[in-house]
Amino acid sequence: MNNANIEHHKRLQYCTTRLKYRQGRQLKAVKAYTVANESQYLLIFGVPKINLTQELKNKLRQFGSLENLRNITEQWVQTLSYELEPFTEVYCVKYKKIEEARRCKRYLDAREFYGGILHISYAPEYEALEELKSKLQQRANEINYRIKTNQNYIKKNKRIG
């Protein structure tokens with residue numbers, strides 16, 4: 001992994017130019033993800049450096065089954081020369097299902113955790129080739145299921161109407 005691969009982990013500024021009716025109650029950093037960008041792997045930045053591994057693990061388990069949780073702060077600072085907030089750590093977590101990772105990112109990103117503000121980003125660079133293939137195959141299966149469901153719905157409503 002090199003510095004070009006870690007640019008997508010930087011926190012974006014909140015969008016303030018959206019129309020009022022599109023704004024919502026909370027400001028968001030607008031970013032679109034492709035199937036390949038989403039991942040079972042998440043990087044969690046901003047965890048205070050006070051030995052919170054067990055507390056973080058308990059918090060993350062609320063969103064699904066964890067396969068792995070590890071502290072990768074040293075790797076990020078030494079190998080990648082990535083600037084971290086002072087007195088914070090970076091963790092890499094892998095969920096069993098991508099839906100669990102999505103839910104975790106949605107609910108914990110930009111939330112307070114023991115005095116620090118968490119920043120969570122997908123980490124597809126940690127996926128193996130087989131994991132990527134299975135993710136794309138799963139997405140294709142989901143799309144095929146939705147197409148069949150929609151076609152059945154249309155056929156059903158044509159008969160009624």
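A charge sits over a ring when NZ of Lys or CZ of Arg is within 6 Å of the ring centre and within 35 degrees of the ring normal. In this predicted model, Lys 105 and Tyr 122 provide such a case: the charged end of Lys 105 lies over the Tyr 122 ring, 5.7 Å from its centre.

- Four strands make up an open sheet, in the order β2-β3-β1-β6, and their pairing is antiparallel.
- The edges belong to β2 (66-71) and β6 (119-122); each has a single partner strand, so one side of each has no neighbour in the sheet.
- On average, neighbouring strands here are turned by 20° against each other, with direction ignored.
- Between β1 and β3 (residues 88-95), which run antiparallel, there are 6 bridges.

- Helix α2 (residues 53-61) lies across β1, β2 and β3, and its direction is at about 150° to β2.
- Helix α4 lies across β1, β3 and β6, running at about 150° to β6.

- You will find Cys 104 in helix α4, which spans residues 98-108.
- Cys 104 counts as buried because its relative accessibility is 0%, and the cut-off for buried is under 20%.
- Leaving aside residues up to four places away in sequence, Cys 104 touches Leu 42, Leu 60, Phe 63, Tyr 95, Asp 109 and Ile 120.
- Gly 64 is 40 residues from Cys 104 in sequence, yet their C-alpha atoms are 8.3 Å apart in space.

**Aromatic pairs**

- Searching the whole structure turns up 4 aromatic pairs.
- One of these aromatic pairs is formed by Phe 45 and Trp 76, in an edge-to-face arrangement with 5.4 Å from centre to centre and 90° between the planes.
- Phe 45 belongs to strand β1 (residues 41-48) and Trp 76 to helix α3 (residues 73-79), so this pair ties together parts that are 31 residues apart in sequence.
- Phe 45 and Trp 76 are both buried.

Conventions. Residues numbered from 1 in each chain as written. Predicted model: local features only at pLDDT ≥ 70, side-chain atom pairs only at ≥ 80, totals over all residues. Heavy atoms only, no water. Helix = DSSP H or I, 4+ residues; strand = E, 2+ residues; numbered from the N terminus. Buried < 20%, exposed > 50% of the residue type's maximum accessible area, 1.4 Å probe, protein only. Contact = heavy atoms within 4.5 Å. Phe/Tyr/Trp six-rings, centres within 6.5 Å; stacked < 30°, edge-to-face > 60°. Pairing = 2+ DSSP bridges. Axes fitted to C-alpha atoms, helices over the stretch in contact; angles between N-to-C directions.
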